[in-house]
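Student: I would like to go through the labels used for this structure and ask what stands behind them.

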Amino acid sequence: MTAVFDRIAIVGVGLIGASIARAAAETGAAKSVALYDVDAAVRQRARELALGEVFDDAAAAVAQADLVVLAVPVGAMAAAMQAAAPGLKQGAVVTDVGSVKGAVAEAMRAHAPAHVFLVPGHPVAGTEHSGPDAGFATLFKGRWHILTPLADARPDYAAAVDRLDAFWHALGAEVERMDAARHDVVLAVTSHLPHLIAFNIVAMAEDLESVTESEVVKYSASGFRDFTRIAASDPTMWRDVFLNNREAVLEVLGRFSEDLAALQRAIRWGEGDTLYDLFDRARRMRREVIEAGQDTAAPNWGREN
């Protein structure tokens with residue numbers, strides 16, 4: 001395929017950054033890839049994995065790039081933008097992969113030079129693994145990538161957004177454009193709150209005095225086991241997500257708490273119809289997720305046991 005960008009630079013070589021590097025190389029979406037990570041050990045590992053040309057300075061890494069991707073935790077976005085800013089060339093497109101958009105857009109805007117095009121974004125893809133070794137080229141295939149363009153009136157801004165859209169399509173993603181505030185509420189429902197619940201349930205199970213930790217591990221049924229998979233996600237990343245999307249998360253958490261209290265009352269008073277109706281609605285949602293191609297209908301998620 002024809003390259004969308006001649007050269008891209010990725011600041012942050014974790015799961016997402018490494019996957020972008022691999023996908024861009026495999027699909028031909030970029031002719032060359034430059035990489036930087038604040039951790040020297042990660043930079044060395046990126047060299048060993050031949051993910052691209054690795055630099056020891058953020059500004060040097062982005063110097064010739066047409067597209068710069070900030071693939072760092074949400075809380076590190078401002079520092080990453082500040083470090084890269086001196087090297088950004090005229091007309092470069094700068095984006096990110098954070099799962100919070102309102103706070104990230106402000107952090108990027110505060111340190112970005114006026115001669116670049118900022119287009120915040122979020123690939124709705126990932127695994128519980130982290131680090132450069134976790135990256136793989138097909139991570140974004142068939143997944144959604146959400147762009148939240150800014151209110152930038154410059155004539156060339158729309159073309160920059162379209163070009164970034166084409167890049168993510170080239171990596172195999174489906175692309176949606178959305179207002180940043182709406183993105184943050186939607187992701188609070190579909191990602192942030194489920195992770196918060198998983199972290200809390202797994203930690204609660206560890207603290208319960210009525211069962212031992214060995215019993216929890218030994219008798220983990222599929223529900224708890226899947227919570228542990230979610231809870232294995234990078235704690236730094238998720239700490240930053242909740243601190244930077246607190247308003248949307250607290251709004252959704254408030255609704256969840258009210259519904260959970262109602263469910264508690266239904267169990268206490270033996271309201272079987274209420275329970276059945278809730279479970280039936282939830283099951284229908286599961287079918288819709290499968291029909292939308294966002295998961296497999298294979299029993300036990302395709303696992304052998």
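This is a predicted model: local features need pLDDT of at least 70, side-chain atom pairs count only at pLDDT 80 or more; totals for chains, interfaces and linings use all residues.

Student: How many aromatic pairs are found in the whole structure?

Tutor: A search of the whole structure finds five. One of them is formed by Phe 140 and Trp 168.

Student: Why is the pair of Phe 140 and Trp 168 called edge-to-face?

Tutor: The centres are 5.1 Å apart and the planes stand at 85°. Centres within 6.5 Å make a pair and planes over 60 degrees apart make it edge-to-face, so both labels follow.

Student: What makes this pair a link between parts of the chain?

Tutor: Phe 140 is in the loop between β7 (121–124) and β8 (144–147), while Trp 168 is in helix α6 (residues 157–170), so the pair ties together parts that are 28 residues apart in sequence. Both Phe 140 and Trp 168 are buried. They also belong to one aromatic cluster with Phe 5 and Phe 167.

Student: Why is the pair of Trp 238 and Phe 242 called tilted?

Tutor: The ring centres of Trp 238 and Phe 242 are 5.8 Å apart and the planes are at 40°. Stacked needs under 30 degrees and edge-to-face needs over 60, so 40° leaves tilted. Both residues lie in helix α10 (residues 235–244), four residues apart, about one turn of the helix.

Student: How do you know whether Trp 238 and Phe 242 are buried or exposed?

Tutor: The cut-off for buried is under 20% relative accessible area. Trp 238 has 6%, so Trp 238 is buried. Phe 242 has 17%, so Phe 242 is buried as well.

Student: Turning to charges, how many salt bridges does the structure hold?

Tutor: The structure holds 17 salt bridges.

Student: What makes the contact of Arg 45 and Glu 48 a salt bridge?

Tutor: The N to O distance between the side chains of Arg 45 and Glu 48 is 3.0 Å. The limit is within 4 Å, so the contact counts. Arg 45 and Glu 48 lie three residues apart in helix α2 (residues 40–48), about one turn of the helix.

Student: Which salt bridge joins Arg 45 to Asp 133, and where do the two residues lie?

Tutor: The side chains of Asp 133 and Arg 45 meet at 2.7 Å, N to O. This pair links distant parts of the chain, with Asp 133 in the loop between β7 and β8 and Arg 45 in helix α2, 88 residues apart. Arg 45 has a relative accessible area of 30%, between 20% and 50%, so Arg 45 is partly exposed.

Student: Why do Asp 66 and Lys 89 carry the labels they do for accessibility?

Tutor: Asp 66 is at 13% relative accessibility, under 20%, so Asp 66 counts as buried. Lys 89 is at 28%, between 20% and 50%, so Lys 89 counts as partly exposed. Their side chains meet in a salt bridge of 2.7 Å, N to O.

Student: Which residues are linked in a network of salt bridges?

Tutor: Arg 43, Arg 47 and Asp 56 are linked in that way.

Student: What makes β7 and β9 edge strands?

Tutor: The open sheet has three strands in the order β7-β8-β9, with mixed pairing. β7 and β9 (174–177) each pair on one side only.

Student: How do you know that β8 and β9 count as paired?

Tutor: Four bridges join β8 to β9, and at least two are needed, so the strands pair. β8 and β9 run parallel.

Conventions:
Residues are numbered from 1 along each chain as its sequence is written. Side-chain values use heavy atoms; hydrogens and water are left out. Rings of Phe, Tyr and Trp (its six-membered ring) pair if their centres lie within 6.5 Å; planes under 30 degrees apart count as stacked, over 60 as edge-to-face and the rest as tilted. Buried means under 20% relative accessible area, exposed over 50%, partly exposed in between (1.4 Å probe, protein chains only).
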